[in-house]
Amino acid sequence: MKKLYIETVGCQMNLLDSELVVAALRKEGYELTGQAADADTVLFNTCSVRQHAEDKIYSALGRLKEAKRSMPDKVIGVMGCMAQKDQKLIFSRAPFVDIVVGPGQLHQVPQLVREAREKPGQQRLEVSLGRTDGKVDDIKRSHESFDPLRDPTMRPTPFQAFVRIQIGCDKFCTYCIVPSVRGPEQSRPPSHILAEARQLASEGCKEICLLGQTVNSWRHTEDGRAWRFSDLLYALHEIEGIERLRFVTSYPRDMTDDVLEAVRDLPKCVKYLHVPAQHGSDEQLRRMKRGYTVAEYREMHDRAKRWMPDVAITSDFIVGFSGETEEDFQQTMDLVRECRFKNSFIFKYSERPGTKAANRLPDDVPEEVKRRRNNELLALQNEISEEDNHKFLGKRVEVLVEGPSKTAVRNLERADANAPLTGPLQLTGRTMCDRIVVFDGNPRQIGQTLSIAIYDVNLHTLFGAVVTEHVGPEVFTLAGV
Ligand code: 5AD
Ligand code: SF4
């Protein structure tokens with residue numbers, strides 16, 4: 001058995017890509033290890049959205065220099081967005097790297113690893129065409145979606161799966177590197193998506209999470225029928241065995257009535273929408289080229305809440321983007337106060353070379369101002385998240401049990417990792433509105449949907465106990481005594 005170490009940063013798309021690459025390499029006789037030092041192959045699946053994510057990978061690579069010297073046949077590979085963005089630069093910054101593979105070439109990883117092992121010393125670079133490097137069709141073709149037939153035993157949990165429905169992005173927000181590294185927006189045909197979902201269901205998968213950079217912008221014409229994203233939700237909803245459907249990330253302008261109606265009317269659709277607003281000031285949204293005004297975002301948000309009072313909406317925000325004044329920033333604070341998001345992911349603006357913002361707009365907000373605004377917005381959001389979680393105290397929620405809680409995982413890691421899971425165990429799962437719930441249970445309950453009574457909450461988590469239904473007259477007579 002050869003050993004594979006893989007480190008993944010970034011979004012859900014990267015998590016799925018890593019899962020599929022691991023599955024492909026397992027077929028070649030690899031097993032996973034948690035130690036890069038003694039692995040035969042070390043892979044990094046990378047992200048370019050912010051500078052910080054890249055710095056982390058370059059320092060991790062730096063730490064491998066010695067390991068490669070003492071174990072020269074160790075294969076070191078860099079995959080994903082940073083591979084596409086930096087290409088040969090990776091070889092010059094880390095000359096001991098063997099392979100660099102963009103997100104559009106992941107199907108080639110097993111072969112590239114094999115070749116690197118057979119012919120050491122030859123560096124291999126496989127990436128897609130840049131956005132201006134040829135005809136649109138050639139560029140599109142060079143970004144191949146990696147969606148091989150799945151082997152169910154190789155998924156982290158058998159009852160949950162990501163399904164990619166779209167690759168790339170055409171929105172070109174001025175700050176964002178994604179359209180240049182992940183290429184043009186391309187939708188997967190509905191017949192492929194449905195076939196994959198049916199196969200997953202037949203293998204016991206209960207929850208499907210649809211993935212796309214702007215997932216609700218998905219549309220596809222197949223055999224003369226024009227499909228909208230909402231049509232796809234209705235079709236997936238029909239699949240027997242699938243209990244929950246979720247999707248990330250949504251683009252505000254494409255959150256049309258038909259999508260909201262589908263989420264409202266389809267019982268399997270999780271009442272959770274991740275719709276990044278990015279900013280609360282029109283001037284900033286214009287400079288970001290987001291394609292909507294704050295009033296339009298508010299209208300979409302209010303419509304969703306009106307139609308589904310229990311819907312959980314989450315957002316992303318960037319602070320310290322080019323030209324952001326204190327007044328602009330306060331408008332973001334106002335939007336958060338008003339919308340009371342379940343949660344917000346807050347990022348300090350990080351200038352990305354090659355983007356429109358890097359070329360045309362100065363990165364002119366000082367670092368300490370970015371940091372202060374980040375902290376202020378986070379404190380406000382945390383206050384809101386905790387207040388809203390308090391509303392669950394004493395309530396019952398339906399939880400799809402995902403597995404051992406973080407604490408239980410840590411304890412299991414300390415104990416014998418190979419021992420079978422038995423006996424009492426702290427578990428975690430999610431409600432229909434995407435709240436994380438932690439409770440005491442047992443391993444048999446993993447994958448089940450349970451009713452949990454909530455007795456405590458904090459910022460990110462609800463704590464509860466499994467509700468055991470006592471059916472029988474004695475329960476009722478006792479209550480009357
Ligand atoms: N700087 C900071 N945050 C960014 N994001 C995207 N590009 C940048 C950047 N250059 C954030 C956006 C997006 C999330 C995934 O990352 O908020 O929604
Ligand atoms: Fe980036 Fe905007 Fe596309 Fe999201 S919608 S991936 S922020 S360009």
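Let's begin with helix α16 (residues 367-390), which lies across β15 and β16 and runs at about 175 degrees to β16. Contact here means heavy atoms within 4.5 Å. Axes are lines fitted to C-alpha atoms, for helices over the stretch in contact, and angles between N-to-C directions run from 0 to 180 degrees. Helices (H or I, at least four residues) and strands (E, at least two) are DSSP runs numbered from the N terminus.

This is a predicted model, where local features need pLDDT of at least 70, side-chain atom pairs count only at pLDDT 80 or more, and totals for chains, interfaces and linings use all residues. Residues are numbered from 1 along each chain as its sequence is written, chains are lettered from A and ligands numbered from 1 in the order in which they are written, and side-chain values use heavy atoms, leaving out hydrogens and water.

## The sheet

The open sheet has 3 strands in the order β14-β15-β16, paired in parallel. β14 (272-274) and β16 (343-348) are the edge strands; each has a single partner strand, so one side of each lacks a neighbour in the sheet. On average, neighbouring strands of this sheet are turned by 15 degrees against each other, direction ignored.

Strand β15 (residues 312-319) and β14 pair in the parallel sense over 3 bridges; pairing requires that DSSP finds at least two bridges between two strands. Tyr272 has Ala312 in β15 as its bridge partner.

## Around ligand 1

Some polar contacts (pairs of N or O atoms within 3.5 Å) stand out by name. An oxygen atom of ligand 1 lies 2.6 Å from a side-chain N or O atom of Asp316, and an oxygen atom of the ligand is 2.7 Å from a polar side-chain atom of Gln278. Tyr175 takes part through its backbone, with a polar atom 3.1 Å from a nitrogen atom of ligand 1. Taken alone, ligand 1 exposes 400 Å², of which the protein buries 85% (Shrake-Rupley areas with a 1.4 Å probe).

## Two backbone details in loops

Val248 and Thr249 are joined by a cis peptide bond, with omega about -5 degrees. Thr249 sits in the loop between β13 (244-248) and α11 (257-265).

Gln87, a residue other than glycine, has a positive phi near 45 degrees. Its place is in the loop between α4 (81-86) and α5 (88-93).

Methods: Polar contact = N/O pair within 3.5 Å; in protein donor to acceptor, adjacent residues only side chain to side chain.
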